[in-house]
Amino acid sequence: MGFLTSPALDATGLVVLDRLDLSIDPAQWRSLEYIGWRSSGITRFAPLASYAGEIDCNGFWNHTPPRTDKDGVWIDSQVATAPDLQQLALEPAVNVGRCRVIELQPNTYADAVYNLHQDDNNRLNDDGTGWVVRSWINLTDDADSLLILRTDRFDPATEIRLPLHAGSRIIVDTQRFWHAVWHQGPAPRYALISSWTSGPQLDAYIAAGGGDQHPTSVELPAGLVDAAQTELHRRIEERRQAFEAMGIVMEPVESLYE
């Protein structure tokens, strides 16, 4: 049968909507309760919706009973602090799974390339139901920072780079893309990340928001890209050797550093 997907994401796996004119008091996200959680570098997360309405960022499949990334339970204390952020997440009128604010410290392009990762939002998702995708709404104005997307982790030719202005709205199939953010700082970056379920409501939200399936990718100097690739391979090889010294063999076993 397959999953119910959104046509706007079928072609490229991503869509950029018109920017919002945000008028939300920054105190709403700065006053939330944050916990440490590994992502695109040095990050903390403030969950608004979680598996059981607790301050928790873990995947819903890591709980008992396990379930896919749907039917998130709103955390009363967090929603009371940031009601406008909850409304942003609820605006498409779709099922919301995990919903949280990310705080990312400044990093480098090489850091972002090394931290590229894929999500596993649809683990345990039932065939015939909506495919879970990820929404980013940038809360701070980080015009020089970029969302990095690759279909092939090790191939920069597959890379798409999207700027993160205040109010930027980006929806991505994060099981299709390796992704991370290069945040040039100097202050932390904040964004609202929501797991949304594909279906007619999401299609209508994308259409109303002027969804662009083919956004312009920001160009970077070839030397910067090449240097980041070299650093990526060096770090992976360093990690492989460290684990090997402990008797743990990691894949790939061949050296990636040249």
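**A tour of salt bridges and the main pocket**

Select E159 and R150 to begin: their side chains form a salt bridge (a side-chain nitrogen of Lys or Arg within 4 Å of a carboxyl oxygen of Asp or Glu), and the closest N and O atoms are 2.6 Å apart. E159 is buried, with a relative accessible area of 7%, and R150 is buried as well, at 0%; buried means under 20% relative accessible area, exposed over 50% and partly exposed in between, with a 1.4 Å probe and protein chains only.

This is a predicted model, in which local features need pLDDT of at least 70 and side-chain atom pairs count only at pLDDT 80 or more, while totals for chains, interfaces and linings use all residues. Residues are numbered from 1 along each chain as its sequence is written, and side-chain values use heavy atoms, with hydrogens and water left out.

Next, select helix α7 (residues 222-245), helices being DSSP runs of H or I with at least four residues, and strands runs of E with at least two, numbered from the N terminus. Here R234 forms a salt bridge with E231 at 2.8 Å, N to O, and another with E238 at 3.4 Å. R234 is partly exposed at 30% relative accessibility, and so is E238 at 47%.

Finally, select R38, S39, H117, Q118 and D119, which lie nearest the centre of the largest pocket among its 28 lining residues. By class, this lining has 11 nonpolar, seven polar and 10 charged residues, where Ala, Val, Leu, Ile, Met, Phe, Trp, Tyr, Cys and Pro count as nonpolar, Asp, Glu, Lys and Arg as charged, and the others, Gly among them, as polar. A pocket is an open set of points on a 1 Å grid over the protein atoms alone, where a 1.4 Å probe fits, with protein on both sides within 12 Å along at least five of seven lines; lining residues have an atom within 4 Å of a point.
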